[in-house]
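I am opening a notebook page on a structure that is new to me. I will look up one thing after another and write down what I find.

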Amino acid sequence: MEQRTQADRDAITIEIGYALVSAGFAAALVFGAVYGPVLAFSLSSPVGHALTVAGGIAAGAVFLLRIAHVLWHFARRPENDGR
């Protein structure tokens, strides 16, 4: 088994950080898009609650999918040699 170099470990750390930040940003955008009408219009409480839940679920899904997408593509780059 081959040891990873410091450059490999640094690249993985940076990629994980990028995945988390970009996933957080994408999730915030999705939540804002779903929950935004509650702030813009005077909606009833049940509708506001439903949009809050729907926005949270959608944001969570986008967060996880974005992290998986970024890290999957990082692992499949040729310079990573399958590591």
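My first entry asks: is Y35 buried, partly exposed or exposed? I looked it up and found that Y35 counts as partly exposed, because its relative accessibility is 24%, where buried means under 20% relative accessible area, exposed over 50% and partly exposed in between (1.4 Å probe, protein chains only).

I note that this is a predicted model, in which local features need pLDDT of at least 70, side-chain atom pairs count only at pLDDT 80 or more, and totals for chains, interfaces and linings use all residues. Residues are numbered from 1 along each chain as its sequence is written, and side-chain values use heavy atoms, with hydrogens and water left out.

Next I looked for aromatic pairs and found 1 in the structure. F31 and Y35 form this pair, which is stacked, with 5.4 Å centre to centre and 15 degrees between the planes; rings of Phe, Tyr and Trp (its six-membered ring) pair if their centres lie within 6.5 Å, and planes under 30 degrees apart count as stacked, over 60 as edge-to-face and the rest as tilted. Both residues lie in helix α1 (residues 6-40), 4 residues apart, about one turn of the helix. F31 is partly exposed as well, at 28% relative accessibility.

I then turned to the helices, which are DSSP runs (H or I, at least four residues; strands are E, at least two), numbered from the N terminus. The chain has 2 helices and 0 strands. Its radius of gyration, taken over C-alpha atoms, is 18 Å, well over the 12 Å of the globule rule for 83 residues, so the chain is more spread out than a compact globule; the rule is 2.2 Å times the number of residues to the power 0.38. Along its principal axes the C-alpha trace spans about 60 × 15 × 15 Å.

In α1 I found a kink of about 45 degrees at V34, shortly before the proline P37, the bend being the angle between axes fitted to the seven residues ending there and the seven starting there.

Which residues of α1 are buried? I listed E15, A19, S22, A23, A27 and V38, and the buried residues of α1 pack against α2. E15 counts as buried because its relative accessibility is 11%. Leaving aside neighbours within four places in sequence, E15 is in contact (heavy atoms within 4.5 Å) with V70, L71, F74 and R77.

My last entry concerns A75, which lies in helix α2 (residues 45-75) and is partly exposed at 34%.
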